[in-house]
Amino acid sequence: MGKIDVACVGILVTDILSDILPKLPDPGELISVKEIYLATGGCASNTAVSLSKIGLKAGVIGKVGNDIFGDFVINYLKENGVDISTVSRSKEKATSKTIILLTADEDRRFIHNFGANADFGLDDIDLNYVCQAKALYVGGYLVLPRLNQASLIKLFKLAKEKNISTFLDVVAPGPDPDLINQCKEAFSYTDYFLPNQDEARILTGKEDPESQAEVFLKYNPEMVVVITMGREGALIRTKDKVIRSKVYKVDIVDPSGGGDAFDAGFIFGILQGWNLEKTLQFASAMGASAVTAIGCTTGVFTRDEALKFIQENKLEMKIRELS
């Protein structure tokens, strides 16, 4: 196994999706669709596959069950160029699965079991493997019960000692005033924090993304906060700059995976040494590509496709320097 560019730590899931439904079935009703799909999901998987598509060597560190769904996740990652040498198997729990119901006029419905992700902790992470990387991404923090803040700090502290850039994404399960306390010490070792607006609202209690970002920066003024806002675009906040972007106009088929593809594009830009504006442009293109097809990574651009798309499409962006 060669050196990796990005170690992706976190959630691995098997997604079960149907073609877009005209409506949710009534009790006892059967609705026929042309196809039902099996795909991989979860932050670590989606981000790693997207990174691989744009030419980086990504490795996944996560946990699946000892079952056919675990086999599927591992095989899919491998087929998409992701290193799976540090994916482990739970002896107690089955692979995590999500049933995703897509309807024409409403947001998705999810039916989820947490499975082997609940059995994943610091002792499952090969620290020597992490130390080979240029970037460390942790996705799904706050819903990994065995990966607590002390574990995350140990992991990120090691990365900082080795000059590895740290990227943190969270899944905020619902209103809980203690969630920010499970993050604030880890922020000291976080280079880039990448929540979506809903997650940031749950963590801070604030609605406006700029106000949300200010809360996070209180814990580490050197951190770069990147808040994705779905159809409203994205916001980057540093101690001396605010960047707001709109979104690229694309036909949305399935919003699943858009945030993870955005994260992959953002990591790519940072590793290329691009400035934040160019990085945001590339990340936004990657996020836009993911929502154009059913499944989290099916529609994701290659590097050449993303660069061509950026050339041909304008992204509205406003930059404000802070005094």
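At 0% relative accessibility, Phe187 counts as buried, where buried means under 20% relative accessible area, exposed over 50% and partly exposed in between, with a 1.4 Å probe and protein chains only. The model is a predicted one, in which local features need pLDDT of at least 70 and side-chain atom pairs count only at pLDDT 80 or more, whereas totals for chains, interfaces and linings use all residues. Residues are numbered from 1 along each chain as its sequence is written, and side-chain values use heavy atoms, with hydrogens and water left out.

The structure holds 13 aromatic pairs, for which rings of Phe, Tyr and Trp (its six-membered ring) pair if their centres lie within 6.5 Å, planes under 30 degrees apart counting as stacked, over 60 as edge-to-face and the rest as tilted. Among them is the edge-to-face pair of Phe187 and Phe216, with 5.7 Å centre to centre and 65° between the planes. This pair links distant parts of the chain, 29 residues apart, since Phe187 is in the loop between β10 (165-170) and β11 (192-193) and Phe216 is in helix α6; helices (H or I, at least four residues) and strands (E, at least two) are DSSP runs numbered from the N terminus. Phe216 likewise counts as buried, at 0% relative accessibility. Ring pairs also link Phe167, Tyr192, Phe262 and Phe266 into a cluster.

Helix α6 (residues 209-219) packs with helix α5 (residues 197-204) at an angle of about 55°, the axes being 10 Å apart; axes are lines fitted to C-alpha atoms, for helices over the stretch in contact, and angles run from 0 to 180 degrees between N-to-C directions. The two helices, α5 and α6, are therefore oblique to each other, given that angles under 35 degrees count as roughly parallel, over 145 as roughly antiparallel, 65 to 115 as roughly perpendicular and the rest as oblique. The contact (heavy atoms within 4.5 Å) involves Gln197, Ala200, Arg201, Leu203 and Thr204 of α5 together with Pro209, Gln212, Val215 and Phe216 of α6.

Helix α7 (residues 258-271) packs with helix α1 (residues 43-53) at an angle of about 50°, with their axes 8 Å apart, and α1 and α7 are therefore oblique to each other. In this contact, Cys43, Asn46, Thr47, Ser50 and Leu51 in α1 meet Asp260, Ala261, Asp263, Ala264 and Ile267 in α7.

Helix α7 also packs with helix α8 (residues 276-290), at an angle of about 150° and with axes 7 Å apart, so that α7 and α8 are roughly antiparallel to each other. Among the residues making the contact are Phe262 and Phe266 of α7 and Leu280, Phe282 and Met286 of α8.

Most residues other than glycine have a negative phi, and most peptide bonds are trans. Leu142, in the loop between β9 (135-141) and α4 (149-161), has a positive phi near 95° and is buried, with a relative accessible area of 12%. Asn163, in the loop between α4 and β10, has a positive phi near 60° and is exposed, with a relative accessible area of 71%.
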